[in-house]
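Reader: Hi, I have a structure to look at today. Can you walk me through it?

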Amino acid sequence: MGRSRYHVLGTQPHFLTCTVINWIPLFGKVEFTQIILDSLNFLQRQQRLTLYAYVIMENHLHIIASAASLSKEIGNFKSFTARCIIDLLEKNNSNYILNQLEFYKLKHKTRQEYQLWQEGFHPQAILDEEMLRQKLDYIHNNPVRRGYVDDPAHWRYSSCRNYIGQLGLLQVELIDV
């Protein structure tokens, strides 16, 4: 994982961002987004990660999560999802995208042919209720700000539905705000 001025503080919830290298819009394809959803679901079922909120956009995702070892779990998440997505790209002969993942790969990554995720995940500890509300609002309104939907509950790859009493694609630990 790359060096960062951000650090995980204990097991409290953190706001995290994971971004595809060079902001390549991979998650417009349902099969790639499903890999992300399945991986987050697995981490929850294994009680390795507690997920409080999420949004998956076309080239990045934001989550609020906690774990006993958050850096390790997010590193595993990024490694696993990268391998699955790259394998699927190779299987589908998606050479254009694979060439981009190779071209934008950081030069010091000599042991791998491709790089899917940007280094780091920019953890920001949720320090108080005001920050929590701000991050939840940021996550749930990201698709609205991008002009994809008018109502945040209409974006299916988000925990917004969970927070308004509807069924979401992933279970989340609701935070009382």
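Reader: Are phenylalanine 27 and tryptophan 117 buried or exposed?

Author: Phenylalanine 27 is buried, and tryptophan 117 is buried as well. Buried means under 20% relative accessible area, exposed over 50%, and partly exposed in between, with a 1.4 Å probe and protein chains only. Bear in mind that this is a predicted model: local features need pLDDT of at least 70, side-chain atom pairs count only at pLDDT 80 or more, and totals for chains, interfaces and linings use all residues. Residues are numbered from 1 along each chain as its sequence is written, and side-chain values use heavy atoms, with hydrogens and water left out.

Reader: How many aromatic pairs are there?

Author: A search of the whole structure finds 6. Phenylalanine 27 and tryptophan 117 form one that is tilted, at 5.8 Å centre to centre and 40 degrees between the planes. Rings of Phe, Tyr and Trp (its six-membered ring) pair if their centres lie within 6.5 Å; planes under 30 degrees apart count as stacked, over 60 as edge-to-face, and the rest as tilted.

Reader: Where in the chain do phenylalanine 27 and tryptophan 117 sit?

Author: Phenylalanine 27 is in the loop between β1 (14–19) and α1 (30–45). Tryptophan 117 is in the loop between α3 (95–103) and β4 (124–125). They are 90 residues apart, and the pair links distant parts of the chain. Helices (H or I, at least four residues) and strands (E, at least two) are DSSP runs, numbered from the N terminus.

Reader: Which residues make up the ring cluster?

Author: Phe27, Phe77 and Trp117, linked by ring pairs.

Reader: New topic. At what angle do α1 and α2 cross?

Author: At roughly 150 degrees, and their axes come within 10 Å. Helix α2 covers residues 70–91. Axes are lines fitted to C-alpha atoms, for helices over the stretch in contact, and angles run from 0 to 180 degrees between N-to-C directions. So α1 is roughly antiparallel to α2. Angles under 35 degrees count as roughly parallel, over 145 as roughly antiparallel, 65 to 115 as roughly perpendicular, and the rest as oblique.

Reader: Which residues make the contact?

Author: In α1 they include Phe32, Ile35 and Leu43. In α2 they include Phe77, Phe80 and Leu89. Contact means heavy atoms within 4.5 Å.

Reader: And how do α2 and α3 pack?

Author: At an angle of about 135 degrees, with axes 8 Å apart. That makes α2 oblique to α3. Ile86, Leu89 and Glu90 in α2 meet Ile97, Leu98 and Leu101 in α3.

Reader: What about serine 159, is it buried or exposed?

Author: Serine 159 counts as buried because its relative accessibility is 0%. Serine 159 lies in the loop between α4 (129–145) and α5 (160–163). Leaving aside neighbours within four places in sequence, serine 159 is in contact with Tyr52, Ala53, Tyr54, His140 and Val172.

Reader: Back to rings. Which ring does lysine 135 lie over?

Author: The face of phenylalanine 15, at 4.5 Å from the ring centre. Likewise, arginine 145 lies over the face of tyrosine 138, at 4.3 Å from the ring centre. A charge sits over a ring if NZ of Lys or CZ of Arg is within 6 Å of the ring centre and within 35 degrees of the ring normal.

Reader: Last one. What is phi of asparagine 93?

Author: Near 50 degrees, a positive value in a residue other than glycine. Asparagine 93 lies in the loop between α2 and α3. With a relative accessible area of 58%, asparagine 93 is exposed.
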